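Biologist: I'd like to learn how to read a few features off a model like this one. Can we go through it together?

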Amino acid sequence: MYYLGVDLGGTNIKAALVSENGEIVKEAAAPTNLPRTAQEVCDDIAALCLQLSAGEPVAGIGVGCPGTVCDGVVLYSNNLDWHDFAMADYLQAKTGLPVCLGNDANVAALGEALAGCAKGAESAVILTLGTGVGAGVVLGGRLLTGYTGAASEAGHMVIADTPDAPLCTCGRRGCLESLASATALIRMTREARRTHPESLLNTLALTEADVNGRTVFDAAAQGDAAAKAVADNYIHHLAVGVANLINIFFPEVIGLSGGVANQGENLLKPLRAAATPMVFGSAFAKKHTRITTCTLGYRAGVIGAALLAKQEV
(Lines give C-alpha, C1' and ligand atoms only; values in the text may rest on other atoms or scores of the structure.)
Protein backbone atom coordinates (compact mmCIF):
# COMPACT_ATOMS: atom_id res chain seq x y z
CA MET A 1 0.00 0.00 0.00
CA TYR A 2 1.19 3.50 -0.86
CA TYR A 3 0.51 6.98 0.55
CA LEU A 4 0.69 10.36 -1.14
CA GLY A 5 2.68 13.14 0.51
CA VAL A 6 2.27 16.80 -0.42
CA ASP A 7 4.54 19.65 0.66
CA LEU A 8 2.82 22.97 -0.03
CA GLY A 9 5.24 25.88 -0.21
CA GLY A 10 4.94 29.50 -1.19
CA THR A 11 6.82 28.85 -4.44
CA ASN A 12 6.21 25.21 -5.32
CA ILE A 13 3.87 22.32 -4.60
CA LYS A 14 5.82 19.08 -4.25
CA ALA A 15 4.10 15.70 -4.18
CA ALA A 16 5.29 12.10 -4.02
CA LEU A 17 4.02 8.55 -3.97
CA VAL A 18 5.60 7.00 -0.88
CA SER A 19 5.85 3.42 0.34
CA GLU A 20 4.88 2.34 3.86
CA ASN A 21 8.52 2.49 4.98
CA GLY A 22 9.06 6.02 3.71
CA GLU A 23 10.67 5.40 0.33
CA ILE A 24 9.70 7.65 -2.57
CA VAL A 25 8.39 5.74 -5.59
CA LYS A 26 7.75 8.72 -7.88
CA GLU A 27 7.47 12.50 -7.61
CA ALA A 28 5.75 15.44 -9.27
CA ALA A 29 5.68 19.20 -8.73
CA ALA A 30 3.91 22.35 -9.85
CA PRO A 31 4.35 26.08 -9.16
CA THR A 32 2.13 27.49 -6.41
CA ASN A 33 1.60 30.70 -8.40
CA LEU A 34 0.52 32.88 -5.49
CA PRO A 35 -1.51 34.93 -4.93
CA ARG A 36 -4.37 32.57 -5.69
CA THR A 37 -7.40 31.32 -3.83
CA ALA A 38 -7.14 28.25 -1.66
CA GLN A 39 -9.47 26.40 -4.01
CA GLU A 40 -7.32 27.15 -7.06
CA VAL A 41 -4.15 25.94 -5.34
CA CYS A 42 -5.89 22.83 -4.07
CA ASP A 43 -7.17 22.02 -7.55
CA ASP A 44 -3.52 21.79 -8.62
CA ILE A 45 -2.69 19.65 -5.58
CA ALA A 46 -5.54 17.32 -6.45
CA ALA A 47 -4.32 17.07 -10.05
CA LEU A 48 -0.82 16.08 -8.87
CA CYS A 49 -2.26 13.49 -6.51
CA LEU A 50 -4.47 11.97 -9.19
CA GLN A 51 -1.52 11.87 -11.57
CA LEU A 52 0.70 10.04 -9.07
CA SER A 53 -1.97 7.67 -7.81
CA ALA A 54 -3.23 6.49 -11.21
CA GLY A 55 -3.24 2.70 -11.20
CA GLU A 56 -1.59 2.51 -7.77
CA PRO A 57 -3.00 1.17 -4.47
CA VAL A 58 -3.13 4.42 -2.45
CA ALA A 59 -4.65 4.51 1.04
CA GLY A 60 -4.58 8.25 1.69
CA ILE A 61 -3.02 11.66 1.29
CA GLY A 62 -0.97 13.66 3.78
CA VAL A 63 -0.38 17.39 3.31
CA GLY A 64 2.13 19.69 4.96
CA CYS A 65 0.84 23.26 4.88
CA PRO A 66 2.47 26.42 6.27
CA GLY A 67 0.57 28.06 9.11
CA THR A 68 -1.68 26.94 11.91
CA VAL A 69 -3.74 23.88 11.06
CA CYS A 70 -6.16 21.83 13.17
CA ASP A 71 -8.58 19.01 12.34
CA GLY A 72 -8.11 19.38 8.60
CA VAL A 73 -8.62 23.16 8.62
CA VAL A 74 -6.05 25.84 7.79
CA LEU A 75 -6.90 28.26 10.58
CA TYR A 76 -4.37 30.85 9.44
CA SER A 77 -1.49 30.88 6.98
CA ASN A 78 0.35 34.16 6.60
CA ASN A 79 2.43 32.88 3.67
CA LEU A 80 -0.62 31.80 1.71
CA ASP A 81 -3.07 34.43 3.03
CA TRP A 82 -5.59 31.71 3.85
CA HIS A 83 -8.02 31.79 6.76
CA ASP A 84 -10.38 29.08 8.08
CA PHE A 85 -10.15 26.92 4.96
CA ALA A 86 -11.34 23.30 5.26
CA MET A 87 -8.50 22.00 3.14
CA ALA A 88 -8.77 18.29 3.98
CA ASP A 89 -12.47 18.14 3.10
CA TYR A 90 -11.92 20.03 -0.16
CA LEU A 91 -9.08 17.73 -1.29
CA GLN A 92 -10.96 14.62 -0.25
CA ALA A 93 -13.90 15.67 -2.39
CA LYS A 94 -11.58 16.26 -5.35
CA THR A 95 -9.55 13.04 -5.06
CA GLY A 96 -11.85 10.55 -3.38
CA LEU A 97 -9.09 9.73 -0.89
CA PRO A 98 -8.92 10.44 2.85
CA VAL A 99 -6.74 13.47 3.57
CA CYS A 100 -4.68 14.32 6.66
CA LEU A 101 -3.37 17.84 7.18
CA GLY A 102 -0.39 18.98 9.24
CA ASN A 103 1.86 22.01 9.64
CA ASP A 104 4.69 21.85 7.10
CA ALA A 105 7.51 22.04 9.66
CA ASN A 106 5.82 19.38 11.76
CA VAL A 107 5.40 16.90 8.94
CA ALA A 108 9.00 17.45 7.80
CA ALA A 109 10.05 16.68 11.37
CA LEU A 110 7.98 13.50 11.28
CA GLY A 111 9.75 12.49 8.07
CA GLU A 112 13.19 12.96 9.64
CA ALA A 113 12.10 11.18 12.83
CA LEU A 114 10.68 8.11 11.09
CA ALA A 115 12.80 7.84 7.94
CA GLY A 116 15.73 10.25 8.26
CA CYS A 117 18.33 11.38 10.78
CA ALA A 118 16.33 10.14 13.81
CA LYS A 119 15.06 6.86 12.35
CA GLY A 120 14.79 4.33 15.17
CA ALA A 121 14.90 6.98 17.90
CA GLU A 122 12.11 7.18 20.47
CA SER A 123 12.00 10.98 20.39
CA ALA A 124 13.33 13.82 18.25
CA VAL A 125 13.20 17.58 17.84
CA ILE A 126 13.86 18.89 14.34
CA LEU A 127 14.89 22.52 13.84
CA THR A 128 14.89 24.16 10.42
CA LEU A 129 17.28 27.10 10.20
CA GLY A 130 15.98 29.02 7.21
CA THR A 131 14.20 32.31 6.65
CA GLY A 132 12.78 31.67 10.11
CA VAL A 133 13.26 28.86 12.61
CA GLY A 134 10.75 26.07 12.17
CA ALA A 135 10.44 23.17 14.57
CA GLY A 136 8.70 19.89 15.06
CA VAL A 137 8.63 17.61 18.09
CA VAL A 138 8.12 13.85 17.66
CA LEU A 139 7.57 11.76 20.79
CA GLY A 140 7.02 8.02 20.59
CA GLY A 141 6.82 8.26 16.81
CA ARG A 142 3.97 10.79 16.84
CA LEU A 143 3.88 14.56 16.42
CA LEU A 144 3.29 16.83 19.38
CA THR A 145 0.75 19.22 17.90
CA GLY A 146 -0.68 20.93 20.98
CA TYR A 147 -4.18 22.01 21.89
CA THR A 148 -5.03 23.72 18.58
CA GLY A 149 -2.29 22.35 16.35
CA ALA A 150 -0.01 25.30 17.08
CA ALA A 151 2.61 23.56 19.26
CA SER A 152 6.35 23.41 18.57
CA GLU A 153 6.85 27.06 17.60
CA ALA A 154 10.34 26.93 19.07
CA GLY A 155 11.44 29.78 16.83
CA HIS A 156 9.40 32.14 18.98
CA MET A 157 10.99 31.09 22.25
CA VAL A 158 12.58 34.25 23.66
CA ILE A 159 16.26 33.72 24.45
CA ALA A 160 17.36 37.36 24.87
CA ASP A 161 14.79 39.47 26.71
CA THR A 162 16.54 42.83 26.44
CA PRO A 163 15.43 46.18 24.96
CA ASP A 164 18.18 46.06 22.32
CA ALA A 165 17.48 42.49 21.18
CA PRO A 166 16.47 42.24 17.52
CA LEU A 167 12.78 42.50 16.73
CA CYS A 168 11.20 39.27 15.49
CA THR A 169 8.53 39.11 12.80
CA CYS A 170 6.09 37.99 15.52
CA GLY A 171 6.44 41.39 17.22
CA ARG A 172 8.55 40.36 20.21
CA ARG A 173 12.25 40.94 20.77
CA GLY A 174 14.93 38.31 21.19
CA CYS A 175 13.16 35.26 19.74
CA LEU A 176 15.32 32.33 18.67
CA GLU A 177 14.21 33.08 15.11
CA SER A 178 15.54 36.63 15.28
CA LEU A 179 18.94 35.41 16.50
CA ALA A 180 19.51 31.93 15.02
CA SER A 181 17.74 31.82 11.65
CA ALA A 182 19.64 32.06 8.38
CA THR A 183 18.09 35.51 8.04
CA ALA A 184 19.61 36.51 11.39
CA LEU A 185 23.02 35.15 10.42
CA ILE A 186 22.96 37.09 7.15
CA ARG A 187 21.93 40.26 9.02
CA MET A 188 24.78 39.89 11.51
CA THR A 189 27.26 39.14 8.71
CA ARG A 190 26.25 42.28 6.83
CA GLU A 191 26.63 44.35 10.00
CA ALA A 192 30.13 42.95 10.57
CA ARG A 193 31.04 43.55 6.96
CA ARG A 194 30.12 47.23 7.28
CA THR A 195 31.83 47.64 10.66
CA HIS A 196 35.04 45.89 9.59
CA PRO A 197 36.00 47.05 6.08
CA GLU A 198 39.32 45.22 6.49
CA SER A 199 37.54 41.90 6.99
CA LEU A 200 37.70 39.05 4.51
CA LEU A 201 33.90 39.25 4.55
CA ASN A 202 34.20 42.15 2.10
CA THR A 203 36.24 39.99 -0.27
CA LEU A 204 34.00 36.94 -0.15
CA ALA A 205 30.89 39.12 -0.52
CA LEU A 206 31.55 42.13 -2.75
CA THR A 207 28.08 43.55 -2.04
CA GLU A 208 25.52 43.02 0.71
CA ALA A 209 23.41 41.08 -1.76
CA ASP A 210 26.25 38.54 -2.06
CA VAL A 211 26.10 37.63 1.64
CA ASN A 212 24.59 34.22 2.38
CA GLY A 213 24.57 31.66 5.19
CA ARG A 214 28.00 30.32 4.19
CA THR A 215 29.87 33.62 4.00
CA VAL A 216 30.73 34.00 7.65
CA PHE A 217 31.78 30.35 8.06
CA ASP A 218 33.98 30.50 4.96
CA ALA A 219 35.71 33.65 6.23
CA ALA A 220 36.08 32.28 9.77
CA ALA A 221 37.68 29.10 8.40
CA GLN A 222 40.36 31.33 6.83
CA GLY A 223 41.10 32.97 10.18
CA ASP A 224 39.12 36.19 9.80
CA ALA A 225 38.55 37.65 13.30
CA ALA A 226 35.37 39.58 12.50
CA ALA A 227 33.81 36.53 10.89
CA LYS A 228 34.77 34.31 13.80
CA ALA A 229 33.12 36.72 16.22
CA VAL A 230 29.87 36.58 14.21
CA ALA A 231 29.99 32.79 13.94
CA ASP A 232 30.65 32.41 17.68
CA ASN A 233 27.80 34.78 18.54
CA TYR A 234 25.41 32.96 16.20
CA ILE A 235 26.36 29.54 17.58
CA HIS A 236 25.92 30.80 21.14
CA HIS A 237 22.35 31.89 20.46
CA LEU A 238 21.55 28.64 18.67
CA ALA A 239 23.08 26.69 21.56
CA VAL A 240 20.84 28.48 24.07
CA GLY A 241 17.79 27.46 22.06
CA VAL A 242 18.99 23.88 21.61
CA ALA A 243 19.80 23.53 25.32
CA ASN A 244 16.37 24.88 26.24
CA LEU A 245 14.72 22.30 23.99
CA ILE A 246 16.81 19.52 25.50
CA ASN A 247 15.90 20.67 29.01
CA ILE A 248 12.19 20.61 28.12
CA PHE A 249 11.99 17.41 26.06
CA PHE A 250 15.32 15.61 26.49
CA PRO A 251 14.92 14.03 23.05
CA GLU A 252 17.13 11.24 21.82
CA VAL A 253 17.98 13.31 18.73
CA ILE A 254 18.00 16.97 17.75
CA GLY A 255 18.25 17.31 13.98
CA LEU A 256 19.13 20.53 12.18
CA SER A 257 18.04 21.28 8.62
CA GLY A 258 18.14 24.29 6.34
CA GLY A 259 20.97 26.04 4.58
CA VAL A 260 22.98 26.86 7.72
CA ALA A 261 22.96 23.19 8.74
CA ASN A 262 24.85 22.40 5.53
CA GLN A 263 27.99 23.57 7.37
CA GLY A 264 28.04 20.13 8.98
CA GLU A 265 30.71 19.65 11.64
CA ASN A 266 31.89 23.26 11.25
CA LEU A 267 28.59 24.12 12.93
CA LEU A 268 27.88 20.97 14.93
CA LYS A 269 31.18 20.63 16.78
CA PRO A 270 31.14 24.11 18.41
CA LEU A 271 27.35 23.89 18.85
CA ARG A 272 27.64 20.67 20.86
CA ALA A 273 30.44 22.16 22.94
CA ALA A 274 28.37 25.27 23.70
CA ALA A 275 25.01 23.57 24.30
CA THR A 276 26.02 20.60 26.44
CA PRO A 277 27.13 22.59 29.53
CA MET A 278 23.76 24.42 29.48
CA VAL A 279 21.82 21.16 29.73
CA PHE A 280 20.55 20.45 33.22
CA GLY A 281 22.57 17.67 34.86
CA SER A 282 24.78 17.19 31.80
CA ALA A 283 27.88 16.53 33.92
CA PHE A 284 26.17 13.51 35.49
CA ALA A 285 24.05 12.23 32.60
CA LYS A 286 24.82 8.73 31.32
CA LYS A 287 23.22 9.47 27.96
CA HIS A 288 23.13 12.71 25.98
CA THR A 289 20.95 14.02 23.18
CA ARG A 290 22.57 13.43 19.81
CA ILE A 291 22.82 16.71 17.89
CA THR A 292 23.13 16.06 14.17
CA THR A 293 22.08 17.26 10.74
CA CYS A 294 19.02 16.05 8.87
CA THR A 295 19.38 13.65 5.97
CA LEU A 296 16.24 13.83 3.83
CA GLY A 297 16.71 17.35 2.46
CA TYR A 298 13.77 18.79 0.55
CA ARG A 299 12.09 15.36 0.52
CA ALA A 300 11.46 15.46 4.28
CA GLY A 301 8.18 17.30 3.74
CA VAL A 302 6.61 14.85 1.28
CA ILE A 303 7.87 11.78 3.13
CA GLY A 304 6.65 13.12 6.46
CA ALA A 305 3.26 14.06 5.01
CA ALA A 306 2.84 10.56 3.57
CA LEU A 307 3.79 8.95 6.88
CA LEU A 308 1.33 11.23 8.66
CA ALA A 309 -1.35 9.83 6.37
CA LYS A 310 -0.17 6.31 7.22
CA GLN A 311 -0.61 7.07 10.92
CA GLU A 312 -3.96 8.81 10.65
CA VAL A 313 -5.87 7.07 7.85
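This is a predicted model: local features need pLDDT of at least 70, side-chain atom pairs count only at pLDDT 80 or more; totals for chains, interfaces and linings use all residues.

Biologist: Which residues of helix α9 are buried?

Modeller: Some terms to begin with. Buried means under 20% relative accessible area, exposed over 50%, and partly exposed in between, using a 1.4 Å probe and protein chains only. Helices (H or I, at least four residues) and strands (E, at least two) are DSSP runs, numbered from the N terminus. In α9, which spans residues 265–275, the buried ones are L267, L268, L271 and A275. They sit on the same side of α9 because they cover an arc of only 90° around the axis, taken from the directions from the helix axis to the C-beta atoms. Over on the other side of α9, you'll find N266, K269 and A273 exposed.

Biologist: And what do the buried residues of α9 pack against?

Modeller: Contact means heavy atoms within 4.5 Å. The buried residues of α9 pack against α7 (215–221), α8 (225–249), β12 (253–257) and β13 (290–293).

Biologist: How many aromatic pairs does the structure hold?

Modeller: A pair of aromatic rings is described by the distance of the centres and the angle of the planes. Rings of Phe, Tyr and Trp (its six-membered ring) pair if their centres lie within 6.5 Å; planes under 30 degrees apart count as stacked, over 60 as edge-to-face and the rest as tilted. The structure has two such pairs. W82 and F85 have ring centres 5.6 Å apart and planes at 75°, so they are edge-to-face. F85 and Y90 have centres 5.8 Å apart and planes at 50°, so that pair is tilted. Together, the ring pairs link W82, F85 and Y90 into a cluster.

Biologist: Is W82 buried or exposed?

Modeller: W82 is buried, at 3% relative accessibility, and F85 is buried at 9%. Y90 is partly exposed, at 21%.

Biologist: Where does Q222 lie?

Modeller: Q222 is in the loop between α7 and α8, and with a relative accessible area of 56% it is exposed. Neighbours within four places in sequence aside, Q222 is in contact with L200 and L204.

Definitions and conventions
Residues are numbered from 1 along each chain as its sequence is written. Side-chain values use heavy atoms; hydrogens and water are left out.
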